[in-house]
Amino acid sequence: MSVLYTGAALVLLLTVVLGLVRVFRKPGSADSLLAVLLFGSTGVALLLVLGKGLGWSWTLDVALAFALLTAVLGVAFVLRGWPGDGTDVEDLRR
Amino acid sequence: MIVLDVLTGLLLCAAAFFFVSGTVGLLRLPDIYSRLHALTKADNVGLGLTVVALMLQAESWSEVFKLVLIYAMVLSASATVCYLIGNEAHRRGQRPRRSGAN
Amino acid sequence: MMYFDDRLYLIAGAALITIGLYALLAHRHFLRRILALNVMGSGVFMVLITYSARTAGSIPDPVPHAMVITGIVVSICATGLALVLAECVQALTGRTELSDERETSEHTGARPDTSDEQHQDQSP
Amino acid sequence: MLYLFDLVLLVVIVLLAWRSLNDADLFRGTVSFIALGLLIAVAWVRLRAPDVALAEAAVGSGLTGALILSALVRMRRRGRDAPRPNHAGGAIPRRLIGVLLLALFLCLCGAMLRLAQWPEGLTETALAELPASGVSNPVTAVLLNYRSYDTLLEVAVLLLAIVGVWSLRRAEWPGDVRESYPLLMPLLRIVLPTLVLAAAYVLWIGTSKPGGAFQGGALAGGAFVLMLLGGFGRRALRHRYRMRVALSCGLLVFIAASVGTMLLTGEILRYPAGFAGHWILAIEAAALISIACTLGLLYLGGRPEEAGDGTPVNRSVNGSKNGSMGR
């Protein structure tokens, strides 16, 4: 049974990786954070499944903290952290 | 209890499917609004299925309660943040992409 | 005993430390340096936690855990303070990086307040 | 299967760390950093460090990410740098740094992999003293009993950080957004009480299970940030003493406890036998309030304008273009 949970956790981790590809492929500024915010739900599921697979019930608390703080981050992003328009590329090789 | 185990397995597989499809939506869909749509819907269905699957295996009522609480929080947060992002994107002049137009 | 390969985690911790140090030395932008310090911190935490997970006891060693919790909270406070300092420097000098000694001497009259920063840098 | 999971997780963590620090776009770098925080919390879970995972889940990704994002946006709004005159000379070439650090990396790996595989550690010592420590979570016992000096000084460091921020500048107020985002209020109505409740729960459970003042304080700090974003708390912050008391109560209670224990038992922070749990919970409750206020005010990024202030430097609300630099 625990193999099932671990396998599910691995699949979820791989979807996170797949989503990260998106972050790096296109520069669309707001979108990249969108991907990360929605790791919120994937991450919560990942923690829940992983904790079940390892047999630790405290991962529920971690998942709850995770869910709540991702909400804070999302609101903070929209209200105070949205990058301006225009090209946002800083020149690394000044 | 074997029935419950099989049910959990099926639910987890379905959840994984929804998570993967949400991510595929993020990768493939053309504009921010449709991506928001895909992600919030699919991921929340996926999380819901996961939560149900784990509830079937829960050892105590407090575990069930916490699972429900977590799901409720993620649902309300992602629905609102989805709205906030869409609203802000619209306010900043990002237009939804229509089929046929650019 | 739960199975895990501690070598993977130790190598990852070392990699995080090195990457952070590299960015700290190679980039000049304040934010990059602040992020670099955070990444280095995470690397150190990872090494500590891995050690505590592989001690002989029945549960992981709680002392490094306590140290890391302290470290996490202190590092966010340091980050917050550093960000405010960086914004102040930017507001005063228009730069998002610390200027070199050499340059400051060229523009001393224009930016008197940078001397504060430099002084802080040099004091041990 | 778990091995594969670890491998993927760590490879992604290292790659994300690289990208977050070396991405040409600073915003994208910050986003990678936030994702890195999320994954590191998963790594702590894997390493069976529940208290650390809780702290990281609350602080590492959420609050640090929010702090850095808002600072990034404010710095960008102030404009880009003027081009630097003749920078090229003088700096150490990157390739040299790279080679040296590669050597450092190899040395680190070699040194760490050679250390004893299953050393004694302090686990047994910590567990042996646990019944007398007043709590049954060993990490809380370390933080507030065995090594409570450390924690005392840490609470002092938090206060110092706020003193530093407050002496540097005044806060830029988040504008009132309730009009423009009508759906924000329902979210706050749901999430704020849950955050506060979760903070209290984590504090309470911290005596016996993973949790404690820092984790609870981080959750409550998240509540504070959310409240500020929603435009609440302005009047409370304008009050001259209320905020200062809240910020320093952790340190004050801790010092009072040190003095009290010294009078009662003759040694600083040696709790009277049998009552250690009560002392610890009292200190933790005060520390939680201070930590929450510290984190919230760090997000505000400056000294809030007070009722008695002579010069209202920055009255402007929504998105003031220039950062205020009150001195």
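**Figure 1. The loop between α11 and α12 of chain D holds L269(D).** This is a close-up of a predicted model. Phi of L269(D) is near 60 degrees. That value is positive, and the residue is not a glycine. Is L269(D) buried or exposed? L269(D) counts as buried, because 22 C-beta neighbours lie inside 10 Å and the cut-off for burial is 20 or more.

**Figure 2. R48(D) sits in the loop between α2 and α3 of chain D.** R48(D) follows α2(D). Its phi is positive, near 60 degrees, in a residue other than glycine. R48(D) has 19 C-beta neighbours inside 10 Å, so it counts as partly exposed. Burial would need 20 or more.

**Figure 3. Helix α2(D) is largely enclosed by the rest of the structure.** The reason is burial: 21 of the 21 residues of α2(D) are buried. The helix reaches 30 Å from its first C-alpha to its last. That is close to the 30 Å expected for its 21 residues at 1.5 Å a residue. α2 also supplies at least two residues of the side of chain D that touches chain C.

**Figure 4. Helix α7 of chain D covers residues 148-168.** At 1.5 Å a residue, its 21 residues should span 30 Å. The end C-alpha atoms are 31 Å apart, which agrees. Which residues of α7(D) are buried? They are S148(D), T151(D), L152(D), E154(D), V155(D), L158(D), L159(D), A161(D), I162(D) and V165(D). In an α-helix, residues three or four places apart point the same way, because there are 3.6 residues a turn. What covers the buried residues of α7(D) includes a helix of chain C, α3 (62-93). It also includes α6 (138-146), α11 (242-265) and α12 (276-300) of chain D.

**Figure 5. Chain D meets chain C.** Here 85 residues of chain D are in contact with 70 residues of chain C. Several helices of chain D each supply at least two residues to this side, among them α1 (2-22), α4 (94-114), α5 (123-133), α6, α7 and α12. The largest share, 14 residues, comes from α3(D). By class, the chain D side has 54 nonpolar, 16 polar and 15 charged residues.

**Figure 6. Chain C is built from five helices and zero strands.** From the N terminus on, its elements run α-α-α-α-α. Chain C has 124 residues, and 57% of them count as buried. Take the contacts in chain C with a separation of 6 or more: 47% of them join residues 24 or more positions apart.

**Figure 7. Chain A meets chain D.** In this view, 49 residues of chain A are in contact with 53 residues of chain D. α1 (2-25), α2 (29-54) and α3 (59-80) of chain A are the elements that give two or more residues to the chain A side. Which element gives the largest share? It is α3(A), with 17 residues. The chain A side has 34 nonpolar, 10 polar and five charged residues.

**Figure 8. The largest nonpolar core has 212 residues.** Those with the most contacts inside it are A65(A), A67(A), L68(A), I13(D) and L219(D). α3(A) gives the most to this core, with 17 residues. The core lies between domain 1 (1-77) and domain 2 (137-308 + 316-327) of chain D, because both give residues to it. Beyond four places in sequence, A65(A) touches L54(D), A57(D), A58(D), A198(D) and L219(D).

**Figure 9. M227(D) is found in helix α9 (residues 213-229) of chain D.** M227(D) has 18 C-beta neighbours inside 10 Å, so it counts as partly exposed. Leaving aside neighbours within four places in sequence, M227(D) is in contact with L192(D), F232(D) and G233(D). Its C-alpha atom is separated by 8.9 Å from that of G296(D).

**Figure 10. Confidence along chain A.** Chain A averages a pLDDT of 80, and 83% of the residues score at least 70. Confidence in chain A is highest in α3(A), at a mean of 91, and lowest in α2(A), at 83. Over residues 86-94 of chain A, pLDDT stays under 50. The model has 13 contacts beyond four places in sequence for that stretch.

Notes:
Residues are numbered from 1 along each chain as its sequence is written. Chains are lettered from A and ligands numbered from 1 in the order in which they are written. This is a predicted model: local features need pLDDT of at least 70, side-chain atom pairs count only at pLDDT 80 or more; totals for chains, interfaces and linings use all residues. Two residues are in contact if their C-beta atoms, placed from the backbone, lie within 7 Å. Helices (H or I, at least four residues) and strands (E, at least two) are DSSP runs, numbered from the N terminus. Ala, Val, Leu, Ile, Met, Phe, Trp, Tyr, Cys and Pro count as nonpolar, Asp, Glu, Lys and Arg as charged, and the others, Gly among them, as polar. The expected span of a helix is 1.5 Å times one less than its number of residues. A residue is buried if 20 or more other C-beta atoms lie within 10 Å of its own, exposed if 12 or fewer, and partly exposed in between; C-beta atoms are placed from the backbone. pLDDT is the predictor's confidence in each residue, from 0 to 100. A nonpolar core is a set of buried Ala, Val, Leu, Ile, Met, Phe, Trp, Tyr and Cys residues joined through C-beta atoms within 7 Å. Domain bounds come from an automatic or database domain assignment.
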